[in-house]
Amino acid sequence: MDKVEKEGKAEKEELIYTYNRELHYSFEPGKGYTRKVDYHYPGNQVIIKQSWDEAESRLKDISSKIRKGQLSPIAFYMEKNLMELPMLSDYTGFMQWRIKRHLKPKVFSKLKPGILSNYASVFNIGVNELMNPPLT
Amino acid sequence: MIELNFEHRQAGHCESGVTSNLLHYHKLDISEPIAFGIGAGLFFSYLPFLKMQHAPVTSFRVWPGMVFDRATKELGVQTKIHRFKKPEDSMKKLDEVLELGLPVGLQVGTFHLTFFPPEYRMHYNMHNMVVYGKKDNNYLISDTLMEHKVEITYDDLMRVRFAKGTFAPNGRMYYPTAVPTEVDLRPAIIKGIRKTANNMVGVPFPLIGTKGIRYLSRRLRKWPEKLGEEKASYYLGQVLRMEEEIGTAGAGFRFIYGAFLDEAGIILKQDWIREIAVEMGEAANHWRKFSYLGSRNCKKRAKPEESYDMLADMLMECADMEEKIFRKLAKIR
């Protein structure tokens, strides 16, 4: 455990989160339990970052597919909002198979304004932004 | 404008913290670990058929809402719990209860939680916080994760209360209405420990309790060859995120549970429980070591001996330690 803490400090430059301190519990043999308010344990920040990096690489993947005309912009915003089909279906009220169709560029280009604005409001953007995603 | 005299205290785990803080407002003082222990919050389950963020779900705690429900029931506290279909109704009810002078606990999703650190804003619907007042269009929030009290607008609050997805909160709100000032904690503590011991070693199902830890260990050992290095590392990261990320107080609630056992031993005047608290602390430190070495793996900085094999072995050791602990605790009376 000692070794863990020392190395943890050396990794401080990797802190991605330094503006809110949290309460942490710890245990040391002979000393018992202590509570301490401190910044997030640096070792953990790596795994939080991993999740965001992974999301970013999925987004890149989708962007390139949109450029090739294989997917519609809805796929981009779905990933940008870290959503999967069942969740987007809950938010929009559209059935999953319908959303799957909307992911096709050909179907997307013919969508009615009402449907587009539903998607836009779920993604918290304007319809114009929905049509022109900032591809990465 | 309403502002109740609510004391903001940080906590390791959101729901136990909220429970403890709400009861503190009603002049019943129990610590966060005691709330967690009486609510029998500790658990383990590995659910490979449920995916979250593209990886299987590992959980170190019981279903959301159970800690508050159980803890208040065992302590003889009267509570009200509401869920809603219409978002507007839920906000109206919230205002009404605040008018009565009662702070309210809310279950919310974290993705749109505006005051939350951006890195934490993922779709996680089991977060809990307290509303203790309203100023113009803003609600006053005490969130145990945050260092200070915060505020959120009407629209944003409605949005997080109706987040969608797994464990959607549906505007769930809960609050104590009548709280006794004198409570004998002993029977509640004993019952809570028994419940947790049963959950951990008494259920004949392979995916939960210490059996679940072993199951995960066997799966984890095979991940690199079955899934490939990249995906295995992501799956491992997911386990570690559930173990160490926000609201677990570290090591998948093991520290907070150990602190509970320590306090319980004093209240029950049974020294052997305090000895087990020490064993729990050692198990927690072992979990922490697992997550530290695991995260090196995720960073691709692992030495060869820190492979998945070794991590799987460590998990087995954690399971052994916990099985010993809970077999002993099951005999409490």
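1. In this predicted model, eight residue pairs are in polar contact between chain A and chain B, both partners being at pLDDT 80 or more. The side of chain A that touches chain B draws at least two residues from each of helix H1 (2–10), strand E1 (22–28), strand E2 (32–38), helix H2 (42–67), helix H4 (85–92) and helix H7 (113–122), and the largest share, ten residues, comes from H2(A). Sorted by class, that side of chain A holds 21 nonpolar, ten polar and eleven charged residues.

2. As for the extent of this interface, 42 residues of chain A are in contact with 50 residues of chain B, and the area buried between the two chains is about 4400 Å², with carbon and sulfur atoms giving 55% of it. Two salt bridges are found across the interface of chain A and chain B; A:Arg21 forms a salt bridge with B:Glu147, where the closest N and O atoms lie 2.7 Å apart.

3. Within chain B, the domain assignment gives domain 1 (2–30 + 78–178) and domain 2 (185–329), whose centres, taken over C-alpha atoms, are separated by 29 Å. Seven residues of domain 1 of chain B are in contact with seven residues of domain 2 of chain B, and the area buried between these domains is about 640 Å², of which 79% is given by carbon and sulfur atoms. B:Gly12, B:His13 and B:Tyr120 supply 53% of the area that domain 1 of chain B buries against domain 2, more than any other three residues.

4. Between domain 1 and domain 2 of chain B the count of salt bridges is zero, and zero residue pairs are in polar contact (both at pLDDT 80 or more). The side of domain 1 of chain B that touches domain 2 has five nonpolar, two polar and no charged residues.

Terms used
Residues are numbered from 1 along each chain as its sequence is written. Chains are lettered from A and ligands numbered from 1 in the order in which they are written. This is a predicted model: local features need pLDDT of at least 70, side-chain atom pairs count only at pLDDT 80 or more; totals for chains, interfaces and linings use all residues. Side-chain values use heavy atoms; hydrogens and water are left out. Contact means heavy atoms within 4.5 Å. Buried area is the accessible area (1.4 Å probe) that two parts lose on being put together, summed over both. A salt bridge is a side-chain nitrogen of Lys or Arg within 4 Å of a carboxyl oxygen of Asp or Glu. A polar contact is a pair of N or O atoms within 3.5 Å; within protein, one must be able to donate a hydrogen and the other to accept it, and residues adjacent in sequence count only if both atoms are side-chain atoms. Helices (H or I, at least four residues) and strands (E, at least two) are DSSP runs, numbered from the N terminus. Ala, Val, Leu, Ile, Met, Phe, Trp, Tyr, Cys and Pro count as nonpolar, Asp, Glu, Lys and Arg as charged, and the others, Gly among them, as polar. Domain bounds come from an automatic or database domain assignment.
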